[in-house]
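Please read it alongside the model shown below.

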Amino acid sequence: MKLHIIVPYHGESKDVYYRLFESLNNQENIDFNDISIYICRSDGIPVFPDIVELTNISSRITYLSQFYEFSGPGNSRQMALNLLYGSDLSEDNLDGVLFCDCDDIISDKFAISY
């Protein structure tokens with residue numbers, strides 16, 4: 001099973017996101033090959049935080065930007081879900097999805113069950 005982490009982005013400072021991604025990067029019980037991270041921006045501006053120094057997750061990140069008339073976290077999350085699943089929401093097609101906001105921190109007790 002893969003875990004898809006979806007994070008809306010709307011121009012916040014890199015430092016706000018750094019805490020979230022550092023908490024994920026520091027997890028010891030995660031196979032990072034089973035994780036994908038989607039940083040999504042629904043205002044259509046293709047500028048994102050630079051977090052390449054976080055080595056465990058930097059290669060797992062996909063940046064998505066698309067213009068929506070009403071930009072916000074909901075549309076950003078939906079953008080990633082549309083990419084992941086489209087209209088195929090059958091039980092066989094579903095992996096785990098974790099919605100995070102930029103100021104969230106993932107506990108060191110976080111675990112993925114396979």
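The points that follow concern a predicted model, and they go from the sheet to the helices and then to the aromatic rings.

1. The sheet is open and is formed by 4 strands in the order S3-S2-S1-S4, with parallel pairing. Strand S3 (61–65) and strand S4 (96–99) stand at its edges, and because each has a single partner strand, one side of each is left without a neighbour in the sheet. From one strand to the next, the twist averages 20°.

2. Within this sheet, strand S1 (residues 3–8) is paired with strand S2 (residues 35–41) in the parallel sense, over 6 bridges. Among the residues involved is Leu-3, whose bridge partner in S2 is Ile-35.

3. Helix H1 (residues 14–25) packs on the sheet, where it touches S1 and S2, and its direction makes about 170° with that of S1. Helix H3 (residues 73–85) lies across S1, S2, S3 and S4 and runs at about 150° to S1.

4. As for the aromatic rings, the count comes to 2 aromatic pairs. In one of them, Tyr-17 and Phe-21, the ring centres are 6.4 Å apart and the planes are at 15°, so the pair is stacked, given that planes under 30 degrees apart count as such. Tyr-17 and Phe-21 are separated by about one helical turn, because they are 4 residues apart in helix H1.

5. Are Tyr-17 and Phe-21 buried or exposed? Tyr-17 is buried, and Phe-21 is buried as well. Ring pairs also bring in Tyr-9, linking Tyr-9, Tyr-17 and Phe-21 into a cluster.

Conventions
Residues are numbered from 1 along each chain as its sequence is written. This is a predicted model: local features need pLDDT of at least 70, side-chain atom pairs count only at pLDDT 80 or more; totals for chains, interfaces and linings use all residues. Side-chain values use heavy atoms; hydrogens and water are left out. Two strands pair if DSSP finds at least two bridges between them. Helices (H or I, at least four residues) and strands (E, at least two) are DSSP runs, numbered from the N terminus. Axes are lines fitted to C-alpha atoms, for helices over the stretch in contact, and angles run from 0 to 180 degrees between N-to-C directions. Contact means heavy atoms within 4.5 Å. Rings of Phe, Tyr and Trp (its six-membered ring) pair if their centres lie within 6.5 Å; planes under 30 degrees apart count as stacked, over 60 as edge-to-face and the rest as tilted. Buried means under 20% relative accessible area, exposed over 50%, partly exposed in between (1.4 Å probe, protein chains only).
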